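Biologist: I would like a close look at one part of this model. Please give the cut-offs as you go.

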Amino acid sequence: MQITTSTVSLTVDDVAASQDFFTTHLAYEVQAAADGFASLTRKDAGVDIVLLQRGTEVLPADQRDRHASGLILAFTLNGIEDEEKRLRTEGVEITMPLREEPWGERLFQVTDPNGIVVQFVEWTEAAAPADTGGA
């Protein structure tokens, strides 16, 4: 098997609102769109995004009314402070302020109009491993 593209498919109540959020603030481009559907891409991103209208008959019956919840869409980048500042300037609410975890992960989150949590991550240089007392 050769995987050529990775895509996350998100079921949302308002496809147009999420499409606008991802194209306006995260520079995704629309590959295809129709009523209740949008396929978004970025040339430099590791994942494409498909937005599906909740309740659409394209989905199996047991999945139609599920909502994209409990999911964090994470993007690793460089220059995290600049990105947080840019998004704030654009009026995007930062729903989890920039912080650094003990293991070297710096991150912040925003939430799109449909509740999709988008997390931005930058890794700091990890501390050197402790000397294990070799010979």
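In which helix does His-25 lie, and what surrounds that residue?

Modeller: The model is predicted, so local features need pLDDT of at least 70 and side-chain atom pairs count only at pLDDT 80 or more, while totals for chains, interfaces and linings use all residues. Residues are numbered from 1 along each chain as its sequence is written, and side-chain values use heavy atoms, leaving out hydrogens and water.

His-25 lies in helix H1. H1 covers residues 15–25. Helices are DSSP runs (H or I, at least four residues), as are strands (E, at least two), and they are numbered from the N terminus.

His-25 counts as buried, because its relative accessibility is 14%. The cut-offs here are under 20% relative accessible area for buried, over 50% for exposed, and partly exposed in between (1.4 Å probe, protein chains only).

The side chain of His-25 has a polar partner. A contact of 2.7 Å joins it to the side chain of Glu-90. A polar contact is a pair of N or O atoms within 3.5 Å; within protein, one must be able to donate a hydrogen and the other to accept it, and residues adjacent in sequence count only if both atoms are side-chain atoms.

Setting aside residues up to four places away in sequence, His-25 touches Asp-20, Arg-86, Leu-87, Glu-90 and Val-92. Contact means heavy atoms within 4.5 Å. Leu-87 belongs to H2 and is buried there, along with Ile-80 and Glu-84. These buried residues fall within an arc of 65° seen down the axis of H2, so they line one face of that helix. The arc is taken over the directions from the helix axis to the C-beta atoms. An α-helix has 3.6 residues a turn, so residues three or four places apart point the same way.

The buried residues of H2 pack against H1, S6, S7 and S8. On the face turned away from this buried side, H2 carries the exposed residues Asp-82, Lys-85 and Thr-89. Gly-91 follows H2 and has a positive phi, near 90°.

S5 pairs with S8 (residues 117–123) in the parallel sense, over five bridges. Two strands pair if DSSP finds at least two bridges between them. The bridge partner of Leu-73 in S8 is Val-118.

Val-118 leads back towards H1. Beyond its neighbours within four places in sequence, Val-118 is in contact with Phe-21, Phe-22, Leu-26, Leu-73, Phe-75, Phe-108, Gln-109 and Val-110. The largest nonpolar core has 25 residues, and Val-118 is one of those with the most contacts inside it, with Phe-22, Leu-26, Ile-49, Val-110 and Phe-120. H1, H2, S1, S3, S4 (48–53), S5, S7 and S8 each supply at least two residues of this core. A nonpolar core is a set of buried Ala, Val, Leu, Ile, Met, Phe, Trp, Tyr and Cys residues joined through side-chain atoms within 4.5 Å. In soluble globular proteins, nonpolar side chains tend to be buried together.

Last, the loops on either side of H1. Ala-27 lies in the loop between H1 and S2. Ala-27 is not a glycine, yet has a positive phi of about 60°. It is partly exposed, at 45% relative accessible area. Asp-13 sits in the loop between S1 and H1. Asp-13 is partly exposed too, with a relative accessible area of 39%. Its side chain makes a polar contact of 2.9 Å with the side chain of Arg-54. With neighbours within four places in sequence left aside, Asp-13 is in contact with Gln-53, Arg-54, His-67 and Asn-114.
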